[in-house]
Each structure stands twice: as structure tokens, then as C-alpha cells.
Amino acid sequence: MDIYSLIFGKGEKQFAVLLDPEKCDHKVIKNLIALATVSAVDYILVGGSLLVNDNLDKCIRLIKDETHLPVILFPGSEMQINGNADAILLLSLISGRNPELLIGKHVIAAPYIKASRLEVIPTGYILVESGNSTTALYMSNTMPIPRDKNDIAISTAMAGEMLGMKLIYMDAGSGALYPVPVSMIRKVKEQISVPLIIGGGISSPELAYESCRAGADIIVVGTAIEKDVELIKDISAAVKKR
Ligand code: 1GP
């Protein structure tokens, strides 16, 4: 089954762990994957807004040696394409007005993605104000959607779906002070029918649970797990709780 059908068809809330290739080493990955496997994690996302070394390939190979979980690229740039992963979230930054991140980088990347045979999942990527300056925001040179502007978030997500995007990813950015507000998640989810991914600043099982109850289909956590890998178990349990 392709990965998108898996995402769409699972019928239960899903949990993805985000790994920054910068911080990948064998010991970290072995430990993390062992916990992810016993905790019923659904996907491993790999990527970062800024890569300053060429660890991506090594990181993916290390993950693949340890697990059969799907590995999905969450690329911060057109340099983060690697055919050893299973799929790529082809992100168009629809909350911003930077043409390079709406279509420019995609034109450069398209032939490489095609040659890689990665499964492509067109994703409407929406940055939401986080209370601090995140790397994603700085690197994208865009304005996030203000936390109290649900209408803008709804219209942006709707436009993304109408343009044919198969997922909407609302992100407060890695290490966000405040995660995406639950009221915004609820309102957006009411108006779209494609799966909704929520990430950025989710640092506890409670926050993951609230985001799921509000309508998130997939929760992504990176920073909190980097700080305390054992959190995987409790966050996964919170996501799967009915
Ligand atoms: C960032 O949504 C991801 O783009 C995950 O964010 O690192 O804050 O968990 P965190």
C-alpha cells in the first residue's frame, strides 16, 4: 500500500517522530527506533529547516537498518531529497508569499524527485505564529498566520485543498513556544477533508491529546523527544487514546 493511502485510510490518530539529520548518530537512532517500535509510532519524518552537514543519507540508512516503519522526508530545502526514504512531503508554503517556497524550489527539485522514485505527497504547509522566532520562519522569510486569525488559517487550508494538496500541515515551527492553538485546529479541520498534520512545540502528552481531540489526524514531535526520548511512549499513548 502506498504511504498516502496508509495515512488516509488508517481511521485512527497517527503519531510521527521528527528526526533532525544534524543530530543523528547510531546510538541515538537505535534507542529512538526501539522506543518508537514498542510505542506504535506510525512514521519517522526526517528533515530540518537548516542542514549544515551532509548527514541526511547516513541518517536514513541508519533508520532503515533498524526499522520497517515508513520514512518520510520533510525537506527544509531542495537539497534534502534522498531516494532511500519512502516518500516526500512536497511542501508548498501556502501561508507565505515567498514564490520560491510556493513553486520555485519545486521546479528545481522535480527532476530529482522523479528520478528518486520517492512517493510524492503534495502538502499545503502553513506556518502559525509561535511566540518566538523559529528557524523555519527565519529561513522562509515569510510571515506566519497570527494565532488569533482562524479565518485566515481556514481560508488558507481550504485554498490548499482546492489546489489539490493531499495533506495540510499546520506548524508552529520546531521548538515553538506555543503550539498551534486548539481552536484553530478545530476550525480548520471542520472545513477540509484531507488529513491535517499538526506540529511545532508539542512538548507533552496533554498537548498532543488536546490537538488530536481538536481534529489533528497526525501529530509530529521532534524537539521534545530530542530532549527526552522516553516521551515517545506517553505521547504515543495520548495520541492513540480514544
Ligand atoms: C517542526 O512540526 C515540527 O517543523 C516539529 O516541531 O520540533 O517543536 O516538535 P517540534
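Predicted model: local features only at pLDDT ≥ 70, side-chain atom pairs only at ≥ 80, totals over all residues.
Local features need pLDDT of at least 70, side-chain atom pairs count only at pLDDT 80 or more, and totals for chains, interfaces and linings use all residues. Residues are numbered from 1 along each chain as its sequence is written, and side-chain values use heavy atoms, with hydrogens and water left out.

**Exercise 1.** Decide whether the residues of β1 are buried or exposed.

Solution. Strands are DSSP runs (E, at least two residues), and helices are H or I runs of at least four, numbered from the N terminus. β1 spans residues 14-19. Buried means under 20% relative accessible area, with a 1.4 Å probe and protein chains only. Six of its six residues are buried. Next, sort the directions. Gln-14, Ala-16 and Leu-18 point one way, while Phe-15, Val-17 and Leu-19 point the other. In a regular strand, side chains alternate between the two faces of the sheet.

**Exercise 2.** Find which strands pair with β1.

Solution. Two strands pair if DSSP finds at least two bridges between them. Start with β8, residues 218-221: four bridges join this strand to β1, in parallel. There, Phe-15 has Ile-219 as its bridge partner. Now take β2, residues 43-46: four bridges again, also parallel. Here Ala-16 is partnered by Tyr-43. Helix α2 (residues 26-38) lies on the path from β1 to β2, and this β-α-β crossover is right-handed; that is, with the strands pointing away from the viewer, the path over the helix runs clockwise.

Notes. Buried < 20%, exposed > 50% of the residue type's maximum accessible area, 1.4 Å probe, protein only.
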